[in-house]
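The paragraphs after them go through the model step by step.

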Amino acid sequence: MDNIAGSKSSLTWAVHISVALLVALWLFPTVGLFVSSFRTADQISSSGWWASMFAAEQNEVYRTADPDGTRVADGDMFVVSGNIFEAGLEGRSISRWGTSSRDVSAYAVGETADMGDGETMVLEADGSYEWRGTDDQISGRGQRIFATVTAPPDFTTENYETVLLSGNNTDNMAKAFYSTLTVTIPATIIPIVIAAFAAYALAWMDFPGRALLIACVVGLLVVPLQLALIPLLKLHLGIGIGKGYLGVWLAHTGFGLPLAIYLLRNYMVGLPRDIIENAKVDGATDFQIFTKIILPLSFPALASFAIFQFLWTWNDLLVARVFLIDSSGTTTVMTSQIVELLGTRGGNWEILATAAFVSIAVPLVVFFAMQRYLVRGLLAGSVK
Amino acid sequence: MNPALQGLITIIVGVGGCVGYFWLSNQVLDKVLFPARGDDAGRNINRANQIRPWLFLFPAIFALGLYLAYPVVETLRLSLTDRDAGGAFVGLENYRRMMAEDTFWEAMRNNMLWLIVVPAASTAIGLLVAQLTDRIAWGAIAKSLIFMPMAISFVGASVIFKLIYDARPAGQAQIGVMNAVWLQFDGGPMSFIMLRLLPAIILIAFIAVVAYVAWIFLKPFFDTSLRKGGAVIQAMRGVFAIVAAWLIFLSLRSLWGVFTITYAYGEPQQWLTIPFWNNFFLMVVLIWIQTGFAMVILSAALRGIPEETIEAAIIDGANPFQIFFKIKVPQIMGTIVVVWTTITLVVLKVFDIVFAMTNGQWDTQVLANYMYDKLFRSLDWGVGSASAMIIMLLVSPILIWNVWSARKEMK
């Protein structure tokens, strides 16, 4: 095995199957959320999401049209005919049906149900019915029909409308979406700028204490941000920043800096010395070298860190709760709103699933679009 | 003002301010303070170059100092003072009060469980996937899909798994997968295989692995030729051996339990409220997220193994398992340790998952959530800071090791 020409392991098929199983296992949870976000509340609570992929059989109650106005005279009898499936429910088919709740599957489709005293009902698989009886029988409200219905897979985008457009204050995520975006973008860009300069100094400038500073950065990499919560909140309240966007931007900048400096420095150290020395000989200042040579060459490392910081700030709950969200709750971010939804609407899976998926969608897009840089950043950040 | 506009302005001001600061300070340094002309041109250039690094570094050092270094000191101070008494120094009183609380010990116990299970499971599964996907054609896609949960927030993952653990009253259709599967078990032979035999096999495998590792650690005690390192190393070996013995004891007890427990077949379970086991249901969320990370790093390490070593092993007649465990794993041991410690760090700070799924109820408290609880619900800054210091204390061995290896690498 292992790349030796002519040898092929007999275990290959086992490898394929186990990888397929693992991938399925890993995807299953996310797919469940995704599928659930396209189902109505009734559908979610009546069957597992995995059943929604297939035609599902369920017992439902329908009612024929009201006789008054729709009934047609046929000799001395009256007839009401139509279809129990309203517009939008096409594609369903009936297997068994009944006219009383005591026996909901009394008749087969096409069979004539005798409802006593000459009153009859015929129901076809496609839902069309013919209800026949005397003047007395065919009056008042429509007749109830209990049917065992096979419904084709049915999905709706209604939940997304609720969560993004309509929806009341607790359900609507649009505001939280913008809020998250407002937190994320500056909190991603500002640390990059600061860290890039620092990383250049640590990589290519000679000064006493450089090694010590690098060691400090490595040490600060692992300091849990939990320690920073109270002291910094006190500081923010003390100097008048309070709870708000500015505070959360600053906090994310501070917490993201060690990784940024570490990643960028490791990358910049690896850049060819010749280029930088040639530029120096040609009279370029450090500032010019940095902006004209180092920054463009460091793009992969900058991109890696940008993705990290973006994912981290977008997905963050703790920092936002401590530094951003005040009692008015007007600046809530998506993660925080979802936690609140979990508390208040724990059973409303259609809202929860959709809200969660809205918040997951953006990082997923970024992830798949820029996976290459993310992997590179991970490797640089931890293997070194 | 519209927050989006405010955000835009901040980006411009922030980025512009940073760039402006760097540009202007360099200009001031070169043109005003130490101009590179006149009599002392040479000396001025040297002086400017001595100062310049600090101009580049100043914002970063300032932010790091203010947002990471200062809080460590300040939290330490807060943990030794009493807020209600106007910040009076109370010594270790807060720690004493914290230690007296059951919840704290519950959080410590759970955290230890997390620290053992999550890094071990993530690294093991990650290594398995890395090895399996290495040689199949669609390996890249498989890896990318297993890596995907990395992008999902802890909160999003909590919602995803809450749906999986969802329970409805008996008789209704179950919408959570766990209960849907659970209700398939009826106590027949299939249930015996899946719920008693399979866990037993996994436990026995776990015991074997722990015993093997413990034997490696204990070997030098019996074989003096292997003994090296000072008393500290020997003491650490002893500690490892005790931990291993404890793990084996726990596993044996569970093994007994697996065969004797009566399962509640046919009853939907509220998984997150079953004490002790609910910790594992929460850990699954983190394992699901972190496995991709372990896989990516270990996969790169596996690729970096020199081909000759493997070919030599094949020629010597090693089978695939021997190649994996005796040739490959020892060569990537360093990377495995790095992955393990990185996940350990994540575990120590785990907050969102517990906060969103159980909020520490039903015996699932962990340190980070305990701390949040103290700081922002009980508003007890003393005990809150004390528990933050405990997290810091648990992190510090990794911190020291990181700094030490970074310095070694630079020399």
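What follows treats the contact between the chains, then the salt bridges, then a threonine and a surface patch.

This is a predicted model, in which local features need pLDDT of at least 70 and side-chain atom pairs count only at pLDDT 80 or more, while totals for chains, interfaces and linings use all residues. Residues are numbered from 1 along each chain as its sequence is written, chains are lettered from A and ligands numbered from 1 in the order in which they are written, and side-chain values use heavy atoms, with hydrogens and water left out.

Chain A and chain B bury about 9,700 Å² between them, and 81% of this lies on carbon and sulfur atoms; buried area here is the accessible area (1.4 Å probe) that two parts lose on being put together, summed over both. On the side of chain A, the residues A:Trp26, A:Leu227 and A:Trp349 supply 8% of the area that this chain buries against chain B, more than any other three residues. The contact, which means heavy atoms within 4.5 Å, takes in 104 residues of chain A and 111 residues of chain B.

Across this interface there are 10 residue pairs in polar contact, both residues being at pLDDT 80 or more. A polar contact is a pair of N or O atoms within 3.5 Å, where within protein one must be able to donate a hydrogen and the other to accept it, and residues adjacent in sequence count only if both atoms are side-chain atoms. Helix α1 (residues 12-36) of chain A gives the largest share of the side of chain A that touches chain B, with 15 residues; helices are DSSP runs (H or I, at least four residues) numbered from the N terminus.

Side chains of opposite charge can pair when their charged atoms come close. A salt bridge is counted when a side-chain nitrogen of Lys or Arg is within 4 Å of a carboxyl oxygen of Asp or Glu, and the whole structure holds 10 of them over all chains. Because A:Lys234 lies in helix α7 (residues 229-239) of chain A and B:Glu74 in helix α2 (residues 41-79) of chain B, this pair joins two chains. Their side chains meet at 2.9 Å, N to O, and the count between chain A and chain B is 1 salt bridge. How accessible are the two partners, A:Lys234 and B:Glu74? A:Lys234 is partly exposed at 29% relative accessibility, whereas B:Glu74 is buried at 9%, where buried means under 20% relative accessible area, exposed over 50%, and partly exposed in between (1.4 Å probe, protein chains only). A:Lys234 and B:Glu74 also belong, with B:Arg77, to a network of salt bridges.

Within chain B, B:Asp134 forms a salt bridge with B:Arg303, with the closest N and O atoms 3.1 Å apart. This pair links distant parts of the chain, since B:Asp134 sits in the loop between α4 (102-133) and α5 (139-147) and B:Arg303 in helix α10 (residues 277-303), 169 residues apart. B:Arg303 counts as exposed because its relative accessibility is 55%.

In chain A, A:Thr253 has its place in helix α8 (residues 245-269) and counts as buried because its relative accessible area is 5%. A polar atom of its side chain lies 2.7 Å from the backbone oxygen of A:Trp249. Leaving aside neighbours within four places in sequence, A:Thr253 is in contact with A:Ile190, A:Pro191 and A:Ile194.

Finally, helix α8 (residues 189-222) of chain B contains B:Leu198, which is partly exposed at 39% relative accessibility.
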